[in-house]
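Keep the structure open and follow along.

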Amino acid sequence: MNIFSNSYIKELKEVLDNFPHVEFERFIEAMMDAYENDRRIFVMGNGGSASTASHWVCDINKGCSLHKEKKFKMICLNDSISTMMAYANDLSFEDVFVEQLKNFFVPGDLVIGISGSGNSKNVLKAIEYANGNDGKTVGLCGYSGGKLYGMVDIPILVKVDDMQKVEDVHMIVVHMTMQRVMQELSQSADYADLRRL
């Protein structure tokens, strides 16, 4: 019997039925603006969200940029364990993202924070820095959005009190972003071919 799996999928479908489509399209506009103006795109998260951030950079830097003269410049702030641990040890865990951001960020860059609860202090601190230095900010959050929801220019809220389903949808956002960006970059291409990348 598949009682559990049926229930999980049913609940996930209900979450997807309430997907924030308008905010997603606003985010794609911000991604394309960063691309067209040679801006950097930073992304960060903790735990499962760290894996989502890292996956996202792969899909954009390779998936959307391969064989193109103009490339995306996306940086994952949780990919260097040694750098994160150095900041965590010498300063605090709250500083592991913002201090890296200070090395590379310039006004106009796009900064994406991923936090299921919306209350990850290290993510919030980096977003606050970007907001204070003329950055464009995006927040992927869940539950009721937490503090992240109200801090960013573009919030993408997965409104469900279930961390696994929040993270499921965040990963869907990653893959939707890749395909949507590919559409924008290749309006004349065969979209069926793009989806095989």
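Start with the largest nonpolar core, which has 38 residues. Six of them touch the most other members: Phe 27, Val 43, Trp 56, Phe 72, Leu 110 and Ile 112. Bear in mind that this is a predicted model. The general background is simple: in soluble globular proteins, nonpolar side chains tend to be buried together.

Set aside its neighbours within four places in sequence. Ile 112 is then in contact with Phe 27, Val 43 and Trp 56, and also with Met 31, Ile 41, Phe 42, Met 44, Met 74, Val 138 and Leu 140. Another core lies apart from the largest one. It has 19 residues, including Met 84, Val 96, Val 111 and Val 123.

Now look at the helices. Two packed helices are described by the angle between their axes and the distance between the axes. Helix α2 spans residues 21–36, and helix α8 spans residues 163–185. They pack at an angle of about 55°, and their axes are 10 Å apart. Angles from 65 to 115 degrees would count as roughly perpendicular, and those under 35 as roughly parallel. So α2 and α8 are oblique to each other. Their crossing is right-handed.

Which residues in α2 and α8 meet? From α2 come Phe 24, Glu 25, Phe 27, Ile 28, Met 31, Met 32 and Tyr 35. From α8 come Val 173, Met 176, Thr 177, Arg 180, Val 181, Glu 184 and Leu 185. By class, this contact has ten nonpolar, one polar and three charged residues. Phe 27 and Met 31 of α2 are in this contact, and both are also in contact with Ile 112.

Next, the loops. Ser 120 sits between β3 (110–115) and α6 (121–132). Is Ser 120 buried or exposed? Its relative accessible area is 18%. Buried means under 20%, so Ser 120 is buried. Beyond its neighbours within four places in sequence, Ser 120 is in contact with Asn 46 and Ser 115.

His 67 lies between α3 (48–63) and β2 (74–76). It is not a glycine, yet its phi is positive, at about 65°. Its relative accessible area is 75%. Exposed means over 50%, so His 67 is exposed.

Asp 134 lies in the loop between α6 and β4 (136–142). Asp 134 is not a glycine either, and its phi is positive, at about 60°. With a relative accessible area of 60%, Asp 134 is exposed.

Note on methods
Residues numbered from 1 in each chain as written. Predicted model: local features only at pLDDT ≥ 70, side-chain atom pairs only at ≥ 80, totals over all residues. Heavy atoms only, no water. Core = buried A, V, L, I, M, F, W, Y, C linked by side-chain atoms within 4.5 Å. Buried < 20%, exposed > 50% of the residue type's maximum accessible area, 1.4 Å probe, protein only. Contact = heavy atoms within 4.5 Å. Helix = DSSP H or I, 4+ residues; strand = E, 2+ residues; numbered from the N terminus. Axes fitted to C-alpha atoms, helices over the stretch in contact; angles between N-to-C directions. Parallel < 35°, antiparallel > 145°, perpendicular 65-115°, else oblique. Left-handed = near helix turned anticlockwise from the far one by under 90°. Nonpolar A, V, L, I, M, F, W, Y, C, P; charged D, E, K, R; others polar.
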